Amino acid sequence: MAECVGLYPKPRSFKLLGGSSAVSPNLKLRASGAEAQQLIANVKVEQRCRSAIKGCHLEEISSAETTVEIELLPDLHPQGYVLEWSGEGLKIGAGTEVGMHYALIALEQLAKQKRAQSESEWEHFRIEDEPEFPVRGFMLDIGRNKIPQMDTLYALIDRLSELKYNHLQLYMEGFCFDYAKYKDSFPEATPLTAAEFRELDAYARSRYIELTPNQNCLGHMGPWLVKPEFRDLAEHPDGMEPPLPLPFKLPPTTMNPVDDRSAALAKDLFDELLPNFSSEYVNLNMDEPFGLGTGRSKERADEIGVGELYFDYAEQMFEVARSHGKKAMMWGDVLAHHPQVIRRVPSDVTVLHWNYDAPVPYEPHCRKLQESGVRYYVCPGTSSWSSIAGRTDNMLANIADAARSGQAYGAEGLIVADWGDGGHWQVSAVSYPAIAYAAGVSWQVEANADQMALLEKYVSSQMLKDRSGIGGRLLMELGRYGHLERSTVENGTYTAYLLGRGLSDRATLERDTAIRTEVLKLIGGSGTPFQVDYRYEEMEVWLREREEELERLDLQGPDADLVRDELRNTLRLIEQGAGLHRYIFRQDLEGAAAESEWLERLQKQLETALSEFKRLWLARNREGGLSASTAAFAKLLAQYEEALQA
């Protein structure tokens, strides 16, 4: 395939036809038949073509005419298109509205590049394109602290549309939707309302994105079960004793599936939520039901097994979905641990196979699901959570493995998840490379899997609106600071873990982190003993290099100043975590005076970081959840103050 400069994701086929010709802003649309005319009207073809080509011409040819021929091609892939520029003009072919929409996205991208390069002569080309995954989705966690403002969500939908995504979920596990029946139990929340979800649904639909409702209803119910009025619904109302000696109980997060009140609560939630969405699907989640079958449902679990217990409850939720005319989605982790119940997955349910750790392969469970005849999607992650700035290399490997295994074993979709674990400290730009990369490999796997330069260019020019051209590379490099930690901490970075944990002596840190490793092992962690070999001096050099690169960005978007400040505070938090490690391990701090001076420096820096964090949060997100997100920072500041007064 000839190099298709400027088009991302790279298409299935791009050919140069030889020669070139100038484009004129004077367009003449041609189409035959009422169906083609309706396609032009519905997708706003003429307006979008004129907007794209505006500015891509020289004054002396402005009186010329460019013919735009619209072809109805019903035999194409439902999301496929043909785009051709030749001496005869522009030809755009598709069999559906969404195919035409994707053709225009390609045209708009190419035209942006031509305008940026002041090129009025376009080389003649032909693009034949279609996606490999029918469903290409993004899932944003709004259940852990951070619920975006409406303008933030509109901008997200626009960004996804430009990357040819067609599926969006807003993950919910707390009070993220304004449930009328239960709002008095969550006075601190700032949820999305029914009217707002209807507006988002219509906005996404107009951009050919299906906004699918999402609400957890078995595990991850901690925000509900912590409330006195719901605690009795828990599998372990007073907390769960871990299966190994630990100095604490695990909090209740899973509802008791044999208590009819649990299913009744879930039904209440879905009955109010689902009518606000036009999607034919709903994600019931039901992942990670920690302690299931070991508390109040133990007797039933002992009779039939934990897997069957789980699926009995799941079938009740499927019926709730069907009562609203919707098909259920569910996470696949319980099925992976209890494969004997895969036989019970009905044909109208889609399993979401997730894994976010690159060394763990997708292939075995993808193969198992295909062999079992189960409809499923692969669901990698952005690797942004619990990390402050992401984990770039884990993200790339994880998403590529999901795409390749999913394609090989019949997955019908790929959804990349952007979780909010660890306080949801990452700013939105941290996830841009993952959003773009997942868009590329879900469109055409091998054409885009190794296109790092093209990925960085797209993130710079289209997502950051950065004229310096280095913004994409900067974001990728921000997600590599974890390599300087030389740490065995999993599913996050040691630096983020340290900030969340707070100040202590080295022995206590190592003891508590060893306990954490054992706890995570219970839910799928590797159990690798804790080790850290922090390269502090190298981290200092790395931080200064990134700060210099940040100052060189030439951001042009409407949120340019905000993005710059968000990335600056991201670096400030990483530096704070590095400095905290230096203090705990007493690296090059000789004597009480040096230690006190360093603590004062950390205190001042964290005061600035916390103030900025709050300001930047409120610029894009609702206030509810902010205090919970910043609780670890407030605790650390108090610890600094106490240590300085000692």
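Modeller: S1 pairs with strand S6 (residues 121-129) through seven bridges, in the antiparallel sense. Strands, like helices, are DSSP runs numbered from the N terminus (E, at least two residues, for strands; H or I, at least four, for helices). Two strands count as paired if DSSP finds at least two bridges between them. This is a predicted model, where local features need pLDDT of at least 70 and side-chain atom pairs count only at pLDDT 80 or more, while totals for chains, interfaces and linings use all residues. Residues are numbered from 1 along each chain as its sequence is written, and side-chain values use heavy atoms, with hydrogens and water left out.

Biologist: What is the bridge partner of Phe14 in S6?
Modeller: Phe14 has Ile127 as its bridge partner there.

Biologist: What is the strand order in the open sheet?
Modeller: The order of its six strands is S1-S6-S4-S5-S3-S2, and the pairing is mixed. S1 (13-22) and S2 (27-31) are the edge strands, each with a single partner strand, so one side of each has no neighbour in the sheet. On average, neighbouring strands of this sheet are turned by 20 degrees against each other, direction ignored. Axes here are lines fitted to C-alpha atoms, for helices over the stretch in contact, and angles run from 0 to 180 degrees between N-to-C directions.

Biologist: Strand S5 (residues 89-94), then. How many of its six residues are buried?
Modeller: Five of the six, so S5 is largely enclosed by the rest of the structure. Buried means under 20% relative accessible area, exposed over 50% and partly exposed in between (1.4 Å probe, protein chains only).

Biologist: And which way do S3 and S5 run?
Modeller: Parallel, with five bridges joining strand S3 (residues 66-72) to S5. Glu71 is opposite Gly93 in S5. Strand S4 (residues 81-86) pairs with S5 in the antiparallel sense over six bridges, and Trp85 has Leu90 in S5 as its bridge partner. S4 and S5 form a hairpin, with two residues between them.

Biologist: Switching to helices. At what angle do H21 and H23 cross?
Modeller: Roughly 155 degrees, with the axes of H21 (residues 592-620) and H23 (residues 631-645) coming within 10 Å. That makes the two helices roughly antiparallel. The classes are roughly parallel under 35 degrees, roughly antiparallel over 145, roughly perpendicular from 65 to 115, and oblique for the rest.

Biologist: Which residues of H21 and H23 meet?
Modeller: Among them are Leu599, Leu602, Leu606 and Phe613 in H21, and Phe633, Leu637 and Tyr640 in H23. Contact means heavy atoms within 4.5 Å. By class, the contact of H21 with H23 has 11 nonpolar, two polar and three charged residues. Nonpolar covers Ala, Val, Leu, Ile, Met, Phe, Trp, Tyr, Cys and Pro; charged covers Asp, Glu, Lys and Arg; the others, Gly among them, are polar.

Biologist: Is helix H17 (residues 494-501) mostly covered or mostly exposed?
Modeller: Mostly covered, as seven of the eight residues of H17 are buried. Just after H17, Gly502 has a positive phi of about 105 degrees.

Biologist: Which peptide bond is cis?
Modeller: The one from Tyr8 to Pro9, with omega near 0 degrees. Pro9 lies in the segment before S1.

Biologist: And what about phi at His220?
Modeller: His220 has a positive phi of about 55 degrees, although it is not a glycine. His220 sits in the loop between strand S9 (210-212) and helix H6 (222-225), and is buried at a relative accessible area of 13%.
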